[in-house]
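Please keep the sequence and the structure in view while reading.

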Amino acid sequence: MATIQFQLNGTATVVDTDLDQPLLDVLRGRLGMTSAHFGCGAGECGACHVMVGDRAITSCDMPMWSVADKDVVTVEGLGTAERPHPLQRAFISEQAMQCGYCVSGILISAATLLKRNPFPTETEVRAALDRNLCRCGSHNRMVRAVLRAAAELAAS
Ligand code: FES
Ligand code: FES
């Protein structure tokens, strides 16, 4: 066991944990951040994406030791029901989901893209979402939603 400190959605957070415990387990089981989902558990589906620094990473295979002193953002930190992030509004407007299981991971990938590239092309959006699998086949709507959010942010 060790004490790990990091920023979670802008709040200083401390947990006593095994150093090799996956970040996803701590987020969901200990810290009540249930937006990131367990899918494959092997770093291949993107359902568990969270933002660490300026990268979208798979939290199912990210050991706790590697997030010490880092900034971690989950969907809970993107927006709220009262004040949704432009991406969340756009996903609703475009009806860019079916079962929704993959969507939080996709929102994190998209938010990470817009953070480093506020004016992405469709090709860049598709590349940014390439690591996120969606069994429901909603990718085209999701790409439209990300482009819609980017346009809204650019106009604001
Ligand atoms: S659950 Fe982490 S990549 Fe699939
Ligand atoms: S909306 Fe169902 S897996 Fe993506």
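A disulfide is a pair of cysteine sulfur atoms within 2.5 Å. With that cut-off, a search of the whole structure, which is a predicted model, finds zero disulfides.

**Cysteines**
- Cys 134 has a relative accessible area of 15%, and because buried means under 20%, Cys 134 counts as buried.
- Cys 136 has a relative accessibility of 27%, so Cys 136 is classed as partly exposed.

**Nonpolar cores**
- The largest nonpolar core has 27 residues, and those with the most contacts inside it are Leu 87, Phe 91, Leu 107, Leu 129, Met 142 and Val 146.
- Two or more residues of this core come from each of helix H2 (86-93), helix H3 (103-116), helix H4 (122-128) and helix H5 (139-155), and the largest share, eight residues, is given by H3.
- Leu 107 touches Val 75, Leu 78, Leu 87, Gln 88 and Phe 91, when residues up to four places away in sequence are not counted.
- Apart from this core lies another one, of 19 residues, and Val 15, Leu 23, Ala 36 and Met 64 are among them.

**How H3 and H5 pack**
- Two packed helices are described by the angle between their axes and the distance between the axes.
- The axes of H3 and H5 come within 11 Å and cross at roughly 40°, and the two helices are therefore oblique to each other.
- The crossing of H3 and H5 is right-handed.
- On the H3 side, Val 103, Ile 106, Ala 110 and Leu 114 take part in the meeting, and on the H5 side their partners are His 139, Met 142, Val 146, Ala 150 and Leu 153.

**Two strand residues**
- Thr 17 lies in strand S2 (residues 11-17), and with a relative accessible area of 1% Thr 17 is buried.
- Leaving aside neighbours within four places in sequence, Thr 17 is in contact with Met 1, Ala 2, Ile 4, Val 26, Arg 30 and Met 64, and Met 64 is also one of the residues of the 19-residue core.
- Asp 71 belongs to strand S5 (residues 71-73), and its relative accessible area of 47% makes Asp 71 partly exposed.
- With neighbours within four places in sequence again set aside, Asp 71 is in contact with Gln 7, Met 51, Val 52 and Gly 53.
- Asp 71 and Ala 150 are 79 residues apart along the chain, and their C-alpha atoms are separated by 23 Å.

How values were computed
Residues are numbered from 1 along each chain as its sequence is written. Chains are lettered from A and ligands numbered from 1 in the order in which they are written. This is a predicted model: local features need pLDDT of at least 70, side-chain atom pairs count only at pLDDT 80 or more; totals for chains, interfaces and linings use all residues. Side-chain values use heavy atoms; hydrogens and water are left out. A nonpolar core is a set of buried Ala, Val, Leu, Ile, Met, Phe, Trp, Tyr and Cys residues joined through side-chain atoms within 4.5 Å. Buried means under 20% relative accessible area, exposed over 50%, partly exposed in between (1.4 Å probe, protein chains only). Helices (H or I, at least four residues) and strands (E, at least two) are DSSP runs, numbered from the N terminus. Contact means heavy atoms within 4.5 Å. Axes are lines fitted to C-alpha atoms, for helices over the stretch in contact, and angles run from 0 to 180 degrees between N-to-C directions. Angles under 35 degrees count as roughly parallel, over 145 as roughly antiparallel, 65 to 115 as roughly perpendicular and the rest as oblique. A crossing is left-handed if the near helix is turned anticlockwise from the far one by less than a right angle, and right-handed if clockwise.
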